[in-house]
Amino acid sequence: MKGSLNLGKVSGIKIKVHWTFLFILIWVAFVEINSGGNLQAVLFNIALILVVFLCVVFHELGHALTAQHFGIKTKQITLLPIGGIASLEKIPEEPKQELLVAIAGPLVNIAIALILYFIIPVQQFLANNLTNILENLNALTLANFLFYLFTINVILVIFNLIPAFPMDGGRVLRALLAMKLGRVKATQIAASIGQSIAIVFLLLGMLYNPFLILIALFVFVGAYGENKMVQSLELLKGHTVSEAMLTNITLLKPNDTLERVKDLILSGTEKDFIVEQGGTPLGILMKTDVIKASNNPNLLVSDIMKTSFKEILFNDKLRNVLSLVELHKGHFFPVMDTNKKLVGAIDMTNINEFILFQSKLDY
Ligand SMILES: [Zn+2]
């Protein structure tokens, strides 16, 4: 994520904080000053937020380290005002593994809450009558600090376990459903439930808490995206790149002029091109680069083509190349046969068309 500050590394996983995190600190200080709090009260609350987010880092590490146990790497953990995000390279497809990875985060907060329960100790803290407790809670003491931390960890557990896929509780739900119904159906159901809960979050957020609106959007978009990904992967199952690739394409030579490419773009529907010599791809020429350079008609294709690109094998499984192509949206990939000869090209538009045709066949 852009605009993030590196905080360090734990077990090879980068921990980052996004600049928008500053907003939450400013907001906390603003609320405190607005309600007549002094500098000490402001610092008390900011310290509390920082320690809460330390607990969030531990929560995300719970997910990441459990995933690591199943051989799945985590690119980074990012702290945002609405919480933390552990960017796992992939979600385990085995329901039991997903269940464990998802539950590991809330389990960390349960552990922290339990430890605090005995340190404070909460029982003694709550032994007083209610009016006394409420009055005492205003004091800026260590005991109160720990009590707030305990309460927030309990709330974090409850909140995260709401079955709003792709939040933790929703992942637990998906994993449990997948054990009975299979991953595709399970994701469909979990995503629908997630999106319904997101709408409730949105309404509650508009009434009470703006952060809930952000979470609602995150859940709604996340549920849609993950459901689409799982359905697409299912439709691509058993198919190879050769079934979907473009074969009717114009190939360019390195010494072709930009004038020629401009004519090709204007007179046909092709946008991106492969530059080759004797069946070996040398570069990729994108329409955007052609337009950028079009004020210089003396340039040759070899002057502006991209020379770093990934080749895809024609017998690769479409399922496996989907994430690579999706990650580099807008790129154009040469497809090679086993003799390293160019046989076609593939891009995201192409794969999406294939998915659309498959969806008409299968359902
Ligand atoms: Zn979590």
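Helix axes here are lines fitted to C-alpha atoms over the stretch in contact, and angles run from 0 to 180 degrees between N-to-C directions. Keep that handy for the helix pair below.

Before clicking, note that this is a predicted model: local features need pLDDT of at least 70, side-chain atom pairs count only at pLDDT 80 or more, and totals for chains, interfaces and linings use all residues. Residues are numbered from 1 along each chain as its sequence is written.

**Start with the whole chain.** Colour by secondary structure and you'll have 15 helices and ten strands (DSSP runs numbered from the N terminus: helices are H or I, at least four residues; strands are E, at least two).

**Next, select 183-207 and 210-236.** These are helices H8 and H9, packed at about 165° with axes 8 Å apart. That angle makes H8 roughly antiparallel to H9 (over 145 degrees counts as such; under 35 is roughly parallel, 65 to 115 roughly perpendicular, the rest oblique). Show the contact residues of the pair: 18 are nonpolar, seven polar and three charged (nonpolar means Ala, Val, Leu, Ile, Met, Phe, Trp, Tyr, Cys and Pro; charged means Asp, Glu, Lys and Arg; the others, Gly among them, are polar).

**Now pick Leu203.** You're still in H8. Is Leu203 buried or partly exposed? Leu203 is partly exposed, because 13 other C-beta atoms lie within 10 Å (20 or more would be buried, 12 or fewer exposed, with C-beta atoms placed from the backbone).

**Last stop: His63.** Draw a distance from Leu203 to His63, C-alpha to C-alpha: 29 Å, for residues 140 apart along the chain.
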